[in-house]
Amino acid sequence: MGLLERLRKEWFILGIVLVIAVARLEPGVGVKGGPLKPEITITYIAVSAIFFNSGLSLKTEELTSALMHVKLHLFVQIFTLVFFPTAIWVFLQLLSITPINEWLLKGLQTVGCMPPPVSSAVILTKAVGGNEAAAIFNSAFGSFLGIVITPLLLLLFLGSSSSVPFTSIFSQLFMTVVVPLIIGQIVRRYIKDWLERKKPPFGAISSSVLLMIIYTTFCDTFANPNIDLDKFSLIIIVFIIFSVQMSFMFLTFLFSTRNNSTFTPADTVAIVFCSTHKSLTLGIPMLKIVFAGYEHLSLISVPLLIYHPAQILLGSLLVPTIKSWMLSRQKALKLTRQPKAPVKV
């Protein structure tokens, strides 16, 4: 089964997961102390497994070369941590006069403040054949920026009286993101020949772990008996989320492919996914820290819970189209760079 098929299968399973979570058929699965022990398996093991898997699968020379692509990194980080939350804030000023649940609207703002994701953008970039090394670097680098910038953005746009323990968040992120990535690279040096010969299903492993993260988060949120969702607001929020994603993906595509751009087609693929995707695994813990004690924390979390599977769905549906564009663009560029044969007189 190809990576695209696995992503589509993941979305189908995720739909079932959401139905179960909303229906509260298993209300204790995702909460602290449940059978899956998400406070341990998700907080530490799952995220670490994703980055260890990335470190193991990525060629060291590709990651090293990605570090020097400063212009691409600046584009991604400025778009996702500056332009994205600002544009959402302006948009929400218009939506504030509508009857949409105000806490869901606040949740949309929190989505805009989140850093790039730790896995989904990398998986989709790899599925297309884009610059996977750049996607991984921006996931890790964006996560570190998010430790400081995301709480500040949340406080700026929404406000909170709680103190944010930056030191503990930074140390946890270092241990679950950077350390596993480095260990994966070290292990790869010793089993490189075996990896190239056997070609383990790295994409399937990452997708499975990501599915587990989303599942437990849904269960944790909808296990709250006080959550109050009206259908109209929820449907509108889902529509807005898909519209925002499509619009921003198109916008990043236009900017990264303009005539004076130095980005390659493979770079554009990484930019489109990394700039528009938002982290669920970092976002939910961050919301719980910044908005600790908030009565409507569950409602604020809902848009982020919707945004994450929506970005996987849209991304997987667009993989064939983006891949076709990238290959045709690469072929065209290759032809233009070939020296013309001399004309015989």
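Visitor: Is the crossing of H4 and H10 left-handed or right-handed?
Guide: A crossing is called left-handed if the near helix is turned anticlockwise from the far one by less than a right angle, and right-handed if clockwise. For H4 and H10, the crossing is right-handed.

Visitor: And what kind of model am I looking at?
Guide: Residues are numbered from 1 along each chain as its sequence is written, and side-chain values use heavy atoms, with hydrogens and water left out. Local features need pLDDT of at least 70, side-chain atom pairs count only at pLDDT 80 or more, and totals for chains, interfaces and linings use all residues; what you have here is a predicted model.

Visitor: How many helices and how many strands does the protein chain have?
Guide: Both are DSSP runs numbered from the N terminus: helices are H or I over at least four residues, strands are E over at least two. Read from the N terminus, the elements run α-α-α-α-α-α-α-α-α-α-α-α-α. The count for the protein chain is 13 helices and zero strands.

Visitor: What share of the protein chain's residues counts as buried?
Guide: Buried means under 20% relative accessible area, exposed is over 50%, and partly exposed is in between (1.4 Å probe, protein chains only). The protein chain has 345 residues, and the buried share is 51%.

Visitor: How do H5 and H7 run relative to each other?
Guide: The axes of H5 (residues 102-113) and H7 come within 9 Å and cross at roughly 150°. That angle makes H5, relative to H7, roughly antiparallel.

Visitor: Which residues of H7 does H5 meet?
Guide: H5 passes H7 in a right-handed crossing. From H5 come Gln109, Thr110 and Cys113, and in H7 they meet Thr150, Leu153, Leu154 and Phe157.

Visitor: Which residue's backbone oxygen lies 2.9 Å from a polar atom of the Thr150 side chain?
Guide: Thr150 is in H7 (residues 132-157), and with 0% relative accessibility it counts as buried. Leaving aside neighbours within four places in sequence, its contacts include Leu81, Met114 and Met286. The backbone oxygen at 2.9 Å belongs to Cys113.

Visitor: How far apart are the C-alpha atoms of Gly112 and Pro85?
Guide: Gly112 lies in H5 and counts as buried, at 0% relative accessibility. Not counting residues up to four places away in sequence, Gly112 touches Thr80, Phe84, Pro85, Ile88 and Lys278. Gly112 and Pro85 are 27 residues apart along the chain, yet their C-alpha atoms are separated by 4.2 Å.

Visitor: How many of the nine residues of H6 are buried?
Guide: H6 (residues 120-128) is mostly covered. Among its buried residues are Ser120, Val122 and Ile123.

Visitor: Which residues of H11 make the contact with H6?
Guide: H6 and H11 (residues 265-276) pack at an angle of about 155°, axes 9 Å apart, which makes H6 roughly antiparallel to H11. H6 contributes Ala121, Leu124, Thr125 and Val128, and H11 contributes Val269, Ala270, Phe273 and Cys274.

Visitor: How far is Gly130 from Ala270 in space, C-alpha to C-alpha?
Guide: Gly130 is in the loop between H6 and H7, and it is buried, with a relative accessible area of 15%. Gly130 and Ala270 are 140 residues apart in sequence, but their C-alpha separation in space is 6.1 Å.

Definitions and conventions
Polar contact = N/O pair within 3.5 Å; in protein donor to acceptor, adjacent residues only side chain to side chain. Contact = heavy atoms within 4.5 Å. Axes fitted to C-alpha atoms, helices over the stretch in contact; angles between N-to-C directions. Parallel < 35°, antiparallel > 145°, perpendicular 65-115°, else oblique.
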